[in-house]
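My notes follow in the order I took them.

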Amino acid sequence: MSRKIKADLRKTQRDEKEKVEIAKIEKEYGKFEGGGGFRLWCAIEAQRQGEMQLQAILPIYTAYISRGSSAVTWTFTFAAALIGLAQLKENPLPWYFFLSTIPLLWAGISALFVLIPRDWFPAGDDPFKIMTKEFKIKEEGDEAFKTIISESELQTREHLARRSGLAFKDNARRLEYAKYWTISSYVALLIALFWCLVIVLYQHGFLSFFSRIFS
């Protein structure tokens with residue numbers, strides 16, 4: 001079999017496969033004005049995948065917000081306990097016990113950074129913008145948005161898919177930001193708690209007791 005025949009055969013197979021895919025799309029979504037073929041299928045699939053990504057990342061972000069709120073609660077509870085201990089008249093704690101307020105303060109600030117409202121792009125788009133066929137697109141590397149008028153279903157779906165992809169990238173950056181400050185907050189809380197525990201054990205002689213056992 002010659003190379004030309006093999007190439008024609010592969011092209012025919014690709015065309016047949018594309019026709020099958022288009023038939024599936026038309027069966028699900030109906031006929032498309034102006035055709036579009038495989039490119040239209042790619043736009044539909046890209047739009048669907050973009051919305052799935054945006055929906056999948058939202059519960060993770062919500063979990064970080066919840067943990068940030070818990071960290072704020074723990075910080076205030078810890079601070080209230082330290083204030084109560086500072087007012088003890090009998091057996092007062094040494095001044096260096098209250099150095100735990102430094103990591104405690106950092107824990108509170110970190111938790112607040114998690115809770116500060118920032119741009120979060122939800123799945124879907126403004127229906128009014130879709131009806132006006134006017135889209136503001138900002139490609140990677142562009143300094144400003146540019147307005148594009150959509151003239152077909154194919155273009156509209158491609159614009160929506162592109163916007164979903166860019167929104168996902170922005171949301172992923174916001175998620176990393178929330179993750180960093182959440183971890184920072186809980187690490188600071190653990191440091192403050194560990195410091196207080198060590199000082200209390202030292203004050204009551206537990207550390208010297210353990211040192212005698214293991215020496």
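For this search I took a salt bridge to be a side-chain nitrogen of Lys or Arg within 4 Å of a carboxyl oxygen of Asp or Glu. I kept in mind that the model is predicted.

**Entry 1: salt bridges**

How many salt bridges does a search of the whole structure find? I got two.

I took the pair in helix H2 to begin with. The side chains of arginine 48 and glutamate 45 form a salt bridge, with 2.6 Å from N to O. In general, side chains of opposite charge can pair when their charged atoms come close.

I then checked accessibility for this pair. Arginine 48 has a relative accessible area of 38% and is partly exposed. Glutamate 45 is also partly exposed, at 22%. I noted that buried means under 20%, so glutamate 45 at 22% does not count as buried.

Next I went to helix H5. Here aspartate 170 and arginine 173 join their side chains in a salt bridge, at 2.1 Å from N to O. Helix H5 runs over residues 153–203, and these two residues are three apart in it, so about one helical turn lies between them.

Is arginine 173 buried or exposed? I read 55% relative accessibility for arginine 173, so it counts as exposed, the cut-off being over 50%.

**Entry 2: leucine 58**

I stayed with H2 for one more residue. Leucine 58 belongs to this helix. Leucine 58 is partly exposed, with 38% relative accessible area.

Which residues line the second largest pocket? I listed Trp74, Thr77, Phe78, Tyr186, Leu189, Leu190 and Leu193. H2 and H5 are the elements that give two or more residues to this lining. H5 supplies the largest share, four residues.

I sorted the lining by class last. I counted six nonpolar residues, one polar and no charged ones.

Conventions
Residues are numbered from 1 along each chain as its sequence is written. This is a predicted model: local features need pLDDT of at least 70, side-chain atom pairs count only at pLDDT 80 or more; totals for chains, interfaces and linings use all residues. Side-chain values use heavy atoms; hydrogens and water are left out. Buried means under 20% relative accessible area, exposed over 50%, partly exposed in between (1.4 Å probe, protein chains only). On a 1 Å grid over the protein atoms alone, a cavity is a set of points where a 1.4 Å probe fits but cannot get out, and a pocket is an open set with protein on both sides within 12 Å along at least five of seven lines; lining residues have an atom within 4 Å of a point. Ala, Val, Leu, Ile, Met, Phe, Trp, Tyr, Cys and Pro count as nonpolar, Asp, Glu, Lys and Arg as charged, and the others, Gly among them, as polar.
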